[in-house]
Amino acid sequence: MKILAIETSCDETACAIVENGVTEIVSVVASSKDFHEATGGIVPEIAARKQIEFIAPVLDQTLKKYSKNVDTIDALAVTVGPGLIGSLLVGVEAAKALSIAWSKPLVPVNHLVGHIYGNFVNNKESIEFPALVLVVSGGHTDFILMRNHGAIEYLGGTLDDAAGEAFDKTARLLGLAKYLGGVQLSNLAATCKVNKAIGQLPRPMIDMPNYDVSFSGLKTAVKRLIDKNVYSPEVIACEFETALIDVLAAKITRAIKKYKPVSLLLGGGVSANTALRSRMQLIAKDSSISFNVPPLSLCTDNAVYIASAAYFNYKPKTIENIFAKPSLGVMDEA
Ligand code: KG4
Ligand code: ZN
């Protein structure tokens, strides 16, 4: 089954065609990131306008690259949330229009569930259940137990800032980037040979016997550490990254002990982080369970994993029942 998916939840306009949830045929991604860098943060109105500008060319390019008749596409899928309302509406309405024009079923997809499926695409190894999943993106940090496709349980998550948000705010404090500085921060941290500031930042909620995390205090602590003027930026970057990963690692280790999963999966933009990937891989190895993480191209937002999620959770709805849902949680129906 071939599914054409559309993803427009934030500042990426993406379209992809995927076969049987695992074989990527075409993927096109356009981004309005540069415009938000100029304003030092995302302006939802600009993101929505760029979605409108990009959606038709992105669809056109996808179909040109596919080069087969649209009759060979079996169904459509679209991200309905969470995300920015103006951005989401563009993808949702485009998908509905195509569904009518082409008489094809349309599957609404939860973006957070989509992130999990970055693990399933182009992956020759079959992933076994139950799987423990950590979704770490710009807006979410979710610990999930996945017993099967369509059978997920929320274990806990962030009470305030998401992991990606913490990376971005810290990168801004260090003057590395005004918008989405996660990569720059982790690149700087990687240049630190010795973490001379070890223990100088808190590991919030690390000992709490649950799967909730809180990262908003970290950035205040980073600010104080910068103001002390004792440590170099790369040492602070490294200590920040270590503190955040220490917390995620402690919670994952605890969840493995309790739920005894056979696989550990990562998803979301922050799963592109090298230090996080290696730490999680080590935990999985020590616990004798398999470890999967999406390739870098499938960590940040794209439509490939949306098509995959639609295939493995195939529940088309009539267009009257498909809406943009900006504040959808991972457990909410798309
Ligand atoms: O999943 P995503 O593309 O968008 C959302 O759905 O939110 O995640 C974007 C987030 C941003 O906060 C970005 O800074 C972060 O992922 N990110 C990283 C890295 N690459 C992207 N954070 C840390 N290290 C990275 N290498
Ligand atoms: Zn995302």
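**Reading the ligand site in a predicted model**

Q: Which helices each supply at least two residues of the shell around ligand 1?
A: Helices (H or I, at least four residues) and strands (E, at least two) are DSSP runs, numbered from the N terminus. Here α4 (111–116), α5 (163–173) and α6 (182–190) each give at least two residues to the shell around ligand 1. The model is predicted: local features need pLDDT of at least 70, side-chain atom pairs count only at pLDDT 80 or more, and totals for chains, interfaces and linings use all residues. Residues are numbered from 1 along each chain as written, chains are lettered from A and ligands numbered from 1 in the order written, and side-chain values use heavy atoms, leaving out hydrogens and water.

Q: Which residues around ligand 1 come nearest?
A: A residue is near a molecule if one of its heavy atoms lies within 4 Å of it. Ligand 1 has 19 such residues, and His115, Gly138, Asp168, Gly269 and Asn273 come nearest. By class, the shell has five nonpolar, 12 polar and two charged residues. Ala, Val, Leu, Ile, Met, Phe, Trp, Tyr, Cys and Pro count as nonpolar, Asp, Glu, Lys and Arg as charged, the others, Gly among them, as polar.

Q: What lies 3.1 Å from a nitrogen atom of ligand 1?
A: An N or O atom in the side chain of Asn273 does. Backbone N or O atoms also approach oxygen atoms of ligand 1: one of Gly164 at 3.2 Å, one of Asp301 at 3.3 Å. The protein covers 89% of the 550 Å² of accessible area (Shrake-Rupley, 1.4 Å probe) that ligand 1 has on its own.

Q: Where does ligand 1 sit?
A: It sits in the largest pocket. A pocket is an open set of points on a 1 Å grid over the protein atoms alone, where a 1.4 Å probe fits, with protein on both sides within 12 Å along at least five of seven lines; lining residues have an atom within 4 Å of a point. To sit there, more than half of a molecule's atoms must lie within 2 Å of its grid points.

Q: Which residues does UniProt list with His111 for "binding site"?
A: The unreviewed entry lists His111, His115 and Asp301. They spread over 191 residues of sequence, yet cluster in space: the largest C-alpha distance is 9.0 Å. The lining of the largest pocket takes in His111, His115 and Asp301. His111 lies in helix α4. UniProt annotations may be inferred rather than shown by experiment.

Q: Where is Ser137 placed?
A: Ser137 is in the loop between β6 (131–136) and β7 (141–148).

Notes:
Polar contact = N/O pair within 3.5 Å; in protein donor to acceptor, adjacent residues only side chain to side chain.
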